[in-house]
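Hi everyone, thanks for coming. I'd like to walk you through one part of a fold today, so let me put it on the screen.

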Amino acid sequence: MRKVQGMTATLLLTDPLFLQHDAGEGHPESPARLRRILQVLARNPIAGTVMAQPRSATDAEILAVHTQAHLDAMEKLGGRFERIDEDTAVSPDSLDAARVAAGAAVQSVEAVMAGQAKNAFALVRPPGHHAEPDRAMGFCLYNNVAIAAEAGRRLGAERVLVLDWDVHHGNGTQAAFWGRRDVLYQSVHQFPYYPGSGAAPEVGRGEGQGFTVNCGLPGGNTDADYGMIFEELLLPVAQAYRPDLVLVSAGFDPHRDDPIGGMDVTERGFAAMCTAVRKLAEEVSGGKLVLVLEGGYSLEGLSNSVHACIEVLAGRDDSFASGTVNADARAALATSRAALKPFWASVR
């Protein structure tokens, strides 16, 4: 990894193969999403970043999260047009793209764990956080961020945080780590909404009780609302957990212009969230931070928000907007805090 101005660069990993994944005409998870991101980055390059092509994930890396039956089922779809469910479809290059997407997430972790990158953003598709250990769903084939978390554990991270700010709850990531405490899963999302999971009482089971943190918001929430959730719930728990590696399921469908989501977040709100997690990583994990692209279906909102977050990874700071907090957001926060009080002194 080359150095930039005496310090290690922010690594951006992407591949032209991601543009070959086609879920069908009119599908919101289209190649245009990543194409627009790359166009915005080309027009407005960010100093202190380096872009590279990732490798494919190995079978062993995928099987750290997914069952052999799921891997076999996906492999049988290679080279074909096939609809898996009403939301999820593959084209001839989709399974190769999905392997490289998972590989990009793993390679990002490898780079930051080895000190070869200051931090990283895997600009991938298809997304991953809905893919459960035994099935594909919700546009997702393999769970990229969960596979990355397992890579972090193998590389020596005793505790991994996965923070998910996509508008949809990451049911697949939650399922992967439901009974464990070596990975803390946190999600702020719209609720009730697809896929139906992510209620506050969902806190894990057995050894994993308290290590799943869900805050479901009713919709229409702003940068200030998200700031409250971060500052009064997600960050205090994360600071108490003290992860050795921080991963973000970075979905940008809470953007106010998103045609699928129902939130009112701006690109500066995403930059504030990214600043918060970067500072958390700097405080507790030596800066080891990886973002993995999830949703976001407004081409302008998505591309501008990704650009803003990469500016933050490269060193810019943003803060949450001040303003009136919605009563519904405050109620959702109280519900989540009540569910977690038995496990975390930081929310009592």
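A word on terms before we start: two strands pair if DSSP finds at least two bridges between them. Helices (H or I, at least four residues) and strands (E, at least two) are DSSP runs, numbered from the N terminus. What you see is a predicted model, where local features need pLDDT of at least 70, side-chain atom pairs count only at pLDDT 80 or more, and totals for chains, interfaces and linings use all residues. Residues are numbered from 1 along each chain as its sequence is written, and side-chain values use heavy atoms, with hydrogens and water left out.

Let's look at β12, residues 289–293. Strand β11 (residues 245–250) pairs with β12 in the parallel sense, over 5 bridges. There, valine 248 stands opposite leucine 291 of β12. To get from β11 to β12 the chain goes through α8, and this β-α-β crossover is right-handed: with the strands pointing away from the viewer, the path from the first strand over the helix to the second runs clockwise.

Strand β7 (residues 119–122) is also parallel to β12, pairing over 3 bridges; alanine 122 has valine 292 as its bridge partner in β12.

How many residues of β12 are buried? It is 5 of 5, where buried means under 20% relative accessible area (1.4 Å probe, protein chains only). Leu289, Leu291 and Leu293 point one way, Val290 and Val292 the other. In a regular strand, side chains alternate between the two faces of the sheet.

Finally, helix α8 (residues 267–284) holds arginine 278, which is buried at 7% relative accessible area. Beyond its neighbours within four places in sequence, arginine 278 has contacts (heavy atoms within 4.5 Å) that include Asn119, Leu289 and Asp317.

Technical notes. Buried means under 20% relative accessible area, exposed over 50%, partly exposed in between (1.4 Å probe, protein chains only).
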